[in-house]
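Please review the structure shown below together with its sequence.

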Amino acid sequence: MESLAPAVYLTLAITVVGGYLLGSIPFGLIATRLGGAGDIRQIGSGNIGATNVLRSGRKDLALITLLGDAGKGVAAVLLARYLTHGNPAVIALAGGAAFLGHLFPVWLKFKGGKGVATFYGVLLSACWPVGVLAAITWLAMAALFRVSSLAALTAAVLAGPFAIATDQPRPMLGLAIFMAILILIRHRENIARLLKGEEPKIGKKKPAETTTSEAP
């Protein structure tokens with residue numbers, strides 16, 4: 001048994017560190033620079049997520065950012081699933097690491113996005129029933145209120161109950177709650193604006209001097 005310990009620790013390190021590094025890839029910044037839209041950190045709210053990229057007027061770049069940010073969460077989970085043959089605890093750790101990577105990317109001095117797209121990528125690949133229900137919730141709230149942050153916050157808050165309702169393993173419930181708490185913290189300014197009725201609608205441009213943004 002002792003001979004297996006180094007291999008176990010190595011696998012855990014690869015999945016967690018690999019998940020974090022994958023999550024740290026700033027697709028919004030890469031897409032806008034390569035797409036000729038400039039530095040996304042100088043546009044709108046300065047956030048690197050898809051919602052702020054959309055404010056640049058480039059829907060194609062916003063879509064690329066959305067898919068990239070979600071995809072890195074999927075990649076982290078699939079790597080952990082492959083290396084551990086589906087161990088839910090390690091999968092949850094890898095997904096959580098990818099989520100943290102997006103929020104605090106090493107490449108951008110730990111100043112990242114708000115994590116909503118990565119949140120969905122992780123959930124859809126780690127525990128797809130929760131991911132699907134959360135995505136439906138976002139779509140429904142976005143269609144009703146046209147406010148990205150409100151839709152994201154509602155889906156995040158309900159992720160834990162969705163995990164319970166669909167009988168997910170405890171690590172997946174913990175993952176859903178962990179990401180939801182961080183999303184709430186990262187959206188504290190959005191929550192304040194929502195309470196004041198000042199949160200902008202989806203696709204609406206925001207003054208460059210504003211330092212916070214909607215999800216993702």
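In this predicted model, threonine 118 is in contact with Asp69, Ala70, Lys72, Gly73, Ala98, Phe99 and His102, when its neighbours within four places in sequence are left aside. Threonine 118 belongs to helix H6. Its relative accessible area is 0%, so threonine 118 is classed as buried, the limit being under 20%.

**Overall fold**

- The protein chain contains 10 helices and zero strands, and its pattern along the sequence reads α-α-α-α-α-α-α-α-α-α.
- The radius of gyration of the protein chain is 17 Å, and the globule rule gives 17 Å for 216 residues, so the chain is as compact as a globular protein of that length.
- Along its principal axes, the C-alpha trace of the protein chain spans about 60 × 40 × 25 Å.

**Surface and burial**

- Of the 216 residues in the protein chain, 47% are buried.
- The protein chain exposes about 10,400 Å², and 70% of this area is supplied by carbon and sulfur atoms.

**Nonpolar cores**

- In soluble globular proteins, nonpolar side chains tend to be buried together.
- The largest nonpolar core in this model has 31 residues, of which Phe99, Phe119, Leu123, Ala126, Val130, Leu175 and Met179 touch the most other members.
- At least two residues of this core come from each of helix H4 (59-84), helix H5 (88-103), helix H6 (116-126), helix H7 (128-145), helix H8 (148-165) and helix H9 (170-186).
- Another core, of nine residues, lies apart from the largest one, and its members include Leu29, Ala31, Ile40 and Ala62.
- Leucine 123 touches Trp128, Val130, Gly131, Ala134, Ala159, Ala176 and Met179, with residues up to four places away in sequence not counted.

**Valine 130**

- Valine 130 is placed in helix H7.
- Its relative accessibility is 0%, so valine 130 falls under the 20% limit and counts as buried.
- Leaving aside neighbours within four places in sequence, valine 130 is in contact with Leu123, Ala159, Phe162, Ala163, Thr166 and Gln168.
- Valine 130 and proline 169 are 39 residues apart along the chain, and their C-alpha atoms are separated by 12 Å.

**Aromatic rings**

- The structure holds one aromatic pair, formed by phenylalanine 119 and tyrosine 120.
- This pair is edge-to-face, with 5.1 Å from centre to centre and 70° between the planes. The angle is over 60 degrees, which is why the pair is given that name.
- Both partners are buried: phenylalanine 119 has a relative accessibility of 1%, and tyrosine 120 has a relative accessibility of 11%.
- Phenylalanine 119 is also among the residues that touch the most other members of the largest nonpolar core.
- Arginine 186 lies over the face of phenylalanine 104, at 5.2 Å from the ring centre.

**Loop residues with positive phi**

- Histidine 85, in the loop between H4 and H5, has a phi near 60°, a positive value in a residue other than glycine.
- The relative accessible area of histidine 85 is 76%, which is over 50%, so this residue is exposed.
- Lysine 109, in the loop between H5 and H6, has a phi near 55°, likewise a positive value in a residue other than glycine.
- Lysine 109 counts as exposed because its relative accessibility of 72% is over 50%.

**The segment after helix H10**

- Glutamate 199 is placed in the segment after helix H10 (188-196).
- Its relative accessibility is 9%, so glutamate 199 counts as buried.
- Glutamate 199 and valine 147 are 52 residues apart in sequence, whereas their C-alpha atoms are 7.2 Å apart in space.

Methods
Residues numbered from 1 in each chain as written. Predicted model: local features only at pLDDT ≥ 70, side-chain atom pairs only at ≥ 80, totals over all residues. Heavy atoms only, no water. Phe/Tyr/Trp six-rings, centres within 6.5 Å; stacked < 30°, edge-to-face > 60°. Buried < 20%, exposed > 50% of the residue type's maximum accessible area, 1.4 Å probe, protein only. Lys NZ or Arg CZ within 6 Å of the ring centre and 35° of its normal. Helix = DSSP H or I, 4+ residues; strand = E, 2+ residues; numbered from the N terminus. Rg over C-alpha atoms; globule rule 2.2 N^0.38 Å. Areas by Shrake-Rupley, 256 points an atom, 1.4 Å probe, with all protein chains shown as cover. Core = buried A, V, L, I, M, F, W, Y, C linked by side-chain atoms within 4.5 Å. Contact = heavy atoms within 4.5 Å.
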